[in-house]
Amino acid sequence: ALHQTVSKLKKLLTELQHNLVRAERGNKSASQRVRTGTIKLAKISKTYRKESVAAFKKKGTSVKHGPC
């Protein structure tokens, strides 16, 4: 499940990047795709967060955070 989510996340980020370039040039359709894409990004990010935490717990590995 985590691998599928990572693949979706990579694909969405690539599409967003492509549409952002077009939106900067004034393409209104691309701007709309970016807006809807950011909503999808938020949803997929939440899914990734849940799945990655579950995967680390399953392996018995704790996530260590370094200094900010």
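How many helices and how many strands does the secondary structure of the chain come to? The secondary structure comes to two helices and zero strands, where helices (H or I, at least four residues) and strands (E, at least two) are DSSP runs numbered from the N terminus. This is a predicted model, in which local features need pLDDT of at least 70 and side-chain atom pairs count only at pLDDT 80 or more, while totals for chains, interfaces and linings use all residues. Residues are numbered from 1 along each chain as its sequence is written, and side-chain values use heavy atoms, with hydrogens and water left out.

**The chain as a whole**

- Of the 68 residues of the chain, 15% count as buried, a term that stands for under 20% relative accessible area, with exposed meaning over 50% and partly exposed in between (1.4 Å probe, protein chains only).
- Among the contacts in the chain with a separation of 6 or more, 61% are accounted for by residues 24 or more positions apart, and contact here means heavy atoms within 4.5 Å.

**How the two helices pack**

- Two packed helices are described by the angle between their axes and the distance between the axes.
- The axes of helix 1 and helix 2 come within 9 Å and cross at roughly 155 degrees; axes are lines fitted to C-alpha atoms, for helices over the stretch in contact, and angles run from 0 to 180 degrees between N-to-C directions.
- That crossing angle makes helix 1 roughly antiparallel to helix 2, because angles over 145 degrees count as roughly antiparallel, under 35 as roughly parallel, 65 to 115 as roughly perpendicular and the rest as oblique.
- Helix 1 passes helix 2 in a left-handed crossing, meaning that the near helix is turned anticlockwise from the far one by less than a right angle, whereas clockwise would be right-handed.
- The residues of the contact of helix 1 with helix 2 divide into 14 nonpolar, eight polar and five charged, where Ala, Val, Leu, Ile, Met, Phe, Trp, Tyr, Cys and Pro count as nonpolar, Asp, Glu, Lys and Arg as charged, and the others, Gly among them, as polar.

**The largest nonpolar core**

- Five residues, L9, L12, L16, V34 and I44, make up the largest nonpolar core, which is a set of buried Ala, Val, Leu, Ile, Met, Phe, Trp, Tyr and Cys residues joined through side-chain atoms within 4.5 Å.
- Helix 1 (2-24) and helix 2 (28-59) each supply at least two residues of this core, and the largest share, three residues, comes from helix 1.

- T5 has its place in helix 1 and is buried, with a relative accessible area of 7%; leaving out residues up to four places away in sequence, T5 touches I44, T47, Y48 and E51.
- N19 also lies in helix 1 and is buried at a relative accessible area of 10%, and beyond its neighbours within four places in sequence N19 is in contact with A30, R33 and V34.

- V34, a member of the core, is found in helix 2 and counts as buried at 13% relative accessibility.
- Not counting residues up to four places away in sequence, V34 touches L16, N19 and L20; V34 and N19 are 15 residues apart in sequence and 6.2 Å apart in space, C-alpha to C-alpha.
- G37 lies in helix 2 and is buried, with a relative accessible area of 4%.
- With residues up to four places away in sequence left out, G37 touches L12 and L16, while G37 and L13 are 24 residues apart in sequence and 8.6 Å apart in space, C-alpha to C-alpha.
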